[in-house]
Amino acid sequence: MGSLKPNAACPCGSGKPYAACCGPLHAGDTTAPTAEALMRSRYAAYVLKLDDYLRATWHASTRPSELDLAADDSKWLGLEVRAHRQQDETHATVEFVARYRIAGRGYRLHELSRFIKEDGIWMYIDGMINP
């Protein structure tokens, strides 16, 4: 599992220190106020290989039975949020592009992610690749 110094820049690309951005979400001290904040925290969790956080923020209807990021040799390079649209109080989408590298070769993940808010907590449902 990865770790960052509290004053290090957050991997989500917000420009804020990790301790004032995704750190409290990852620690379970608070929940994401928006679907975009949840999506950013999930990206940072991939960077830091926080399997438990990813599973906890994945809606039960689509959550994988297991997740093993320790075996994943992806190096995440950056995140660009292209759009955050809230359809109503409990449904939102976030379009993003994440750049990563595997074995020296660069890739881009372009996804339109769907989120739902249940009991006041935003959860990731699923995503459409290359929308």
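Contact here means heavy atoms within 4.5 Å. In this predicted model, residues 24 or more positions apart account for 38% of the contacts in the chain with a separation of 6 or more. The chain has 131 residues, for which a compact globule would have a radius of gyration near 14 Å; the value for the chain is 14 Å and therefore agrees. Taken along the principal axes, the C-alpha atoms fill a box of roughly 40 × 30 × 30 Å. Buried residues make up 39% of the 131 residues.

The chain contains 3 helices and 4 strands. From the N terminus on, these elements follow the order α-α-α-β-β-β-β. The 4 strands form an open sheet in the order S1-S2-S3-S4, with antiparallel pairing. Strand S1 (75–88) and strand S4 (121–129) stand at the edges; each has a single partner strand, so one side of each is left without a neighbour in the sheet. On average, neighbouring strands of the sheet are turned by 25° against each other, direction ignored.

At one end of the strand order, S1 and S2 run antiparallel and are joined by 11 bridges. Arg85 has Thr93 in S2 as its bridge partner. The two strands S1 and S2 form a hairpin with 2 residues between them. Strand S3 (residues 105–118) is joined to S4 by 8 bridges, and this pair also runs antiparallel. Ile116 is bridged to Met123 in S4, and Glu118 to Ile121 in S4. The hairpin of S3 and S4 has 2 residues between the strands, and Asp119 in this hairpin takes a positive phi near 55°.

Helix H2 (residues 35–48) lies across S1, strand S2 (91–102), S3 and S4, and runs at about 160° to S1. Nonpolar side chains in soluble globular proteins tend to be buried together. The largest nonpolar core has 30 residues, of which Cys22 and Phe115 touch the most other members. H2, H3, S1, S2 and S4 each supply at least two residues of this core. The largest share of the core, 8 residues, comes from H2.

Not counting residues up to four places away in sequence, Phe115 touches Ala35, Leu38, Met39, Thr90, His91, Ala92, Val94, Trp122, Met123, Tyr124 and Ile125. Met123, one of the residues touched by Phe115, is also the bridge partner of Ile116.

Ala98 is located in strand S2. The relative accessibility of Ala98 is 1%, under the 20% limit, so Ala98 counts as buried. With neighbours within four places in sequence left aside, Ala98 is in contact with Tyr43, Trp76, Gly78, Leu79, Tyr107, Arg108 and Leu109. Ala98 and Pro17 are 81 residues apart in sequence, and their C-alpha atoms are 20 Å apart in space.

The loops were considered next. Most residues other than glycine have a negative phi. Lys49, in the loop between H2 and H3, has a positive phi of about 60° although it is not a glycine. The relative accessibility of Lys49 is 22%, so Lys49 counts as partly exposed. Ala103 lies in the loop between S2 and S3 and likewise has a positive phi, of about 50°, without being a glycine. The relative accessible area of Ala103 is 76%, over the 50% limit, and Ala103 is therefore exposed.

Ala71 is placed in the loop between helix H3 (51–56) and S1. With a relative accessible area of 62%, Ala71 is exposed. Ala71 and Lys49 are 22 residues apart along the chain, and their C-alpha atoms are separated by 9.7 Å.

Conventions
Residues are numbered from 1 along each chain as its sequence is written. This is a predicted model: local features need pLDDT of at least 70, side-chain atom pairs count only at pLDDT 80 or more; totals for chains, interfaces and linings use all residues. Side-chain values use heavy atoms; hydrogens and water are left out. Two strands pair if DSSP finds at least two bridges between them. Axes are lines fitted to C-alpha atoms, for helices over the stretch in contact, and angles run from 0 to 180 degrees between N-to-C directions. Buried means under 20% relative accessible area, exposed over 50%, partly exposed in between (1.4 Å probe, protein chains only). A nonpolar core is a set of buried Ala, Val, Leu, Ile, Met, Phe, Trp, Tyr and Cys residues joined through side-chain atoms within 4.5 Å. The radius of gyration is taken over C-alpha atoms; the globule rule is 2.2 Å times the number of residues to the power 0.38.
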